[in-house]
Amino acid sequence: MTTGTDARLERIGTDGSYVIIPMDHGITMGAVQGLKDIESTIDGVTSGGADAVLTQKGVAPRVHDNKNGKGYIVHLNGSTTIGPDEQDKRMTGTVEEAIRVGADAVSFHINVGSDHEPDQISQLSEVTEQAQRFGIPVLAMAYARGPGVDSADPEALGHAVRLAEELGADIVKTGYSGDAESFQHVVESTRLPVVIAGGSKGTDRETIEMVRGVMDAGGAGVSMGRSIFQHEDPEAIARAVAGVVHEDLSTDEALAESGLALEA
């Protein structure tokens, strides 16, 4: 890891922990709730305590004036829900393009266990090689997904995060295994900081309890999209998540301090 990589990791996290809000879903799902007026959403989540936001390169002009000095990550592959195969993520940018639009880091999605795994392994390897030349951190979104693969199996998730380390990533995002005890195996499978995806929006309590479980297992935080940007109050839910990740708050404390209902 270079000095530049270290410096840029500090821009997208806080003391080695991370609250990242991916909003690249416009390419996948279209202009869903929270993404039409993405400027307001970015302002809200960064005001609430998010360390960084993440989009595709074309949205960069809508990011910088609204991120309140927080970090910015550009995602480098994608697919759509209306295409022939959502798991077939294709390259959408390069590290150099990300640098040109002001990114502090890049991210790349790989479905470990899918039919597209071989191509995505090669592409992630190319991305990490490019990134190392420029001192740009790489967030690998390494999911356990494919025929016969249980996406919540801690063994499969552990394999996915280890793959990310083996290919040269600096941070790895994966799915949650469902509880802190089983997720500890995932965290111990790599020396990289491990953050979790949020998935479909649940209740506020379910979201915060999941974050609490990740931190109890030794995780480094979250990279949560829909659970936060589609929330009726993105700033409040971001504040609750950041309270757990950065202040070690309990679920009830985080909900209360962010103004969210304890019974939600």
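Figure 1. With a relative accessibility of 53%, Asp248 counts as exposed, because the exposed class takes in residues over 50%. In this predicted model, the loop that holds Asp248 runs between helix 11 and helix 12, the latter comprising residues 251-257. The backbone of Asp248 has a phi near 60 degrees, which is a positive value in a residue other than glycine.

**Figure 2. Asp15 in the loop between helix 1 and strand 1.** Asp15 is found in the loop that lies between helix 1 (3-11) and strand 1. Its phi is positive, at about 50 degrees, although Asp15 is not a glycine. The relative accessibility of Asp15 is 83%, so that this residue counts as exposed.

Figure 3. Helix 3 spans residues 38-47, and its buried residues are Ile38, Thr41, Ile42, Gly44, Val45 and Thr46. An α-helix has 3.6 residues a turn, so residues three or four places apart point the same way. Among the buried residues of the helix are Ile38, Thr41 and Ile42, together with Val45. Following helix 3 comes Gly49, for which phi is positive and near 120 degrees.

**Figure 4. Val195 within strand 9.** Val195 lies in strand 9, and with a relative accessible area of 0% it is buried. The C-alpha atom of Val195 is separated by 4.7 Å from that of Lys173, a residue 22 positions away along the chain.

**Figure 5. Ser189 in the loop between helix 8 and strand 9.** Ser189 has its place in the loop that joins helix 8 (180-188) to strand 9 (194-197). At a relative accessibility of 11%, Ser189 counts as buried, because the buried class takes in residues under 20%. A polar atom of the Ser189 side chain lies 2.7 Å from the backbone oxygen of His185. If neighbours within four places in sequence are left aside, the residues in contact with Ser189 are Gly158, Val161, Arg162 and Glu165.

**Figure 6. The whole protein as the setting for the close-up views.** The protein contains 12 helices and 10 strands, and its C-alpha trace spans about 45 × 40 × 40 Å along the principal axes. For 264 residues, a compact globule would have a radius of gyration near 18 Å, and the value of 17 Å for the protein agrees with this. Of the 264 residues, 55% count as buried, while the accessible surface comes to about 11000 Å², with 45% of that area belonging to carbon and sulfur atoms. Among the contacts between residues at least 6 apart in sequence, 66% join residues that are at least 24 apart. The side chains include 20 positive and 42 negative ones, and the centres of these two sets lie 6 Å apart.

Terms used:
Residues numbered from 1 in each chain as written. Predicted model: local features only at pLDDT ≥ 70, side-chain atom pairs only at ≥ 80, totals over all residues. Heavy atoms only, no water. Helix = DSSP H or I, 4+ residues; strand = E, 2+ residues; numbered from the N terminus. Buried < 20%, exposed > 50% of the residue type's maximum accessible area, 1.4 Å probe, protein only. Polar contact = N/O pair within 3.5 Å; in protein donor to acceptor, adjacent residues only side chain to side chain. Contact = heavy atoms within 4.5 Å. Rg over C-alpha atoms; globule rule 2.2 N^0.38 Å. Areas by Shrake-Rupley, 256 points an atom, 1.4 Å probe, with all protein chains shown as cover. Lys, Arg positive; Asp, Glu negative; His and termini not counted. Charge placed at Lys NZ, Arg CZ, Asp CG, Glu CD.
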